[in-house]
Amino acid sequence: KRRGAAGRLSVEQRLRRRAVDALAGRGMHEIVGWSFTDPGLAARARLDDADPRARFVALQNPMSEQQSVMRTTLLGSLLDAARLNVAHGRGDLQLFEQGTVYLRPAEAPDATNGASPRRGGMDHRLPHEHRALGAVLAGRLHPPSWGTPEPPRAGYFAAKGLLEAVFETLRVELGVEPATEPFLHPGRSARVLAGSEGEPLGWIGELHPLVAREHDLEDGAAAFEVDLDRLVRHADAVPTYRDLTSFPALRQDLAVAVPDDVPAAAVLAVVRRAGGDLLADARVFDVYRGEQVGEGRKSLALTLAFRAADRTLSDDDVVPLRDRIVAALQSDLGGELRA
């Protein structure tokens, strides 16, 4: 044994702590749930039998029926904790958990549907385990005060803001795309993507009303869950910096009409790709729906910032970039420039 040797956290452990600290630092409360759950979770979460999360790893000697299988998602323990808090009069909730979930091998027999729990009848292939990070929000986001007697309430964008804080802390690009989960509101949910390649890592959205009521969350709730192990593999463990430039940015606004089912994230992705290296920033600051854009369409107002490291840009420098952005929006998304 070496004298003076000290244990250190691995890079992955440090990154996981950063993710947890990002949520705790924004006022969320961490819970520690059981790794065991009951098979009824699948029905409560409206999971189809073909969903991998509905195929549990059964315990050979469970403590009770309510803890007879290994969890496949953090959603169950988060909602159980939320229901317990509501029962004790704590309806304003911001809870999160990190922990391991267990997915049964695809070809293994379903031990919860008739397979013998005895050694001779069990499939001995190990389940897939990964560490996940999840959260649930319900009620008011902060206590009322004289200035805000009606504080904002939990919803999709509040949950997305917290998830963005995690991704920004780890220096990972966050993306979302339309998706449906049986336990989420069909019009207020999305798949979570990471990195420039857009690897799917999880889900985010408001709970389906039936699931919310099942757990005594009568006013609804929002939640998210991501694969934390895969997320930290995208993380930039060593910070990189860019020199600040003394040349100011040239800012322009752009209004584009697109079909109503085109997400703002898709518009920004096209804008950033077409804008090239001189496009320093692009943000959506307003959404309009009405007669002027037509039925089934919406208008997104964007602010664009162009900057060069070696000179101050002029309008003539930006015109071809702006034209290229407009052309890309039209060809890729059916967008139309508004006057």
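Helix α7 (residues 264–275) lies across β10, β11 and β12 (297–306) and runs at about 150° to β11. Here helices (H or I, at least four residues) and strands (E, at least two) are DSSP runs, numbered from the N terminus; axes are lines fitted to C-alpha atoms, for helices over the stretch in contact, with angles from 0 to 180 degrees between N-to-C directions, and contact means heavy atoms within 4.5 Å. The model is a predicted one, in which local features need pLDDT of at least 70 and side-chain atom pairs count only at pLDDT 80 or more, while totals for chains, interfaces and linings use all residues. Residues are numbered from 1 along each chain as its sequence is written, and side-chain values use heavy atoms, with hydrogens and water left out.

The strands concerned belong to an open, antiparallel sheet of four, ordered β11-β12-β10-β13. Its edge strands, each pairing on one side only, are β11 (279–288) and β13 (336–337). Pairing of two strands requires that DSSP finds at least two bridges between them. Strand β10 (residues 250–259) meets β13 in the antiparallel sense over two bridges, and V256 stands opposite L337 in β13.

The other sheet described here is also open, with seven strands in the order β1-β4-β5-β9-β8-β7-β6 and mixed pairing. At its edges are β1 (29–30) and β6 (174–178), each of which pairs on one side only. Strands β4 (residues 93–103) and β5 (residues 128–138) run antiparallel and are joined by eleven bridges; G99 stands opposite A132 in β5. Helix α3 (residues 75–87) lies across β4, β5, β8 (199–207) and β9 (221–227), running at about 150° to β4.

Attention can now turn to the spaces within the fold. On a 1 Å grid over the protein atoms alone, a cavity is a set of points where a 1.4 Å probe fits but cannot get out, and a pocket is an open set with protein on both sides within 12 Å along at least five of seven lines; lining residues have an atom within 4 Å of a point. Grid points are joined across faces, edges and corners, and a volume is the space filled by probe spheres set on the points.

The second largest pocket has a volume of about 430 Å³. Of its 20 lining residues, R53, E181, L201, G202 and W203 are the closest to its centre. Strands β7, β8 and β9 each supply at least two residues of this lining, and β8 gives the most, with four. A search of the whole structure finds one cavity of 30 Å³ or more. The largest cavity holds about 40 Å³ of space and is lined by L41, A45, L47, R53, T73, L75 and F183.

Finally, confidence: pLDDT is the predictor's confidence in each residue, from 0 to 100. The protein has a mean pLDDT of 88, and 91% of its residues reach 70 or more. Over residues 111–122 the pLDDT is below 50, and this stretch has 15 contacts in the model beyond near neighbours in sequence.
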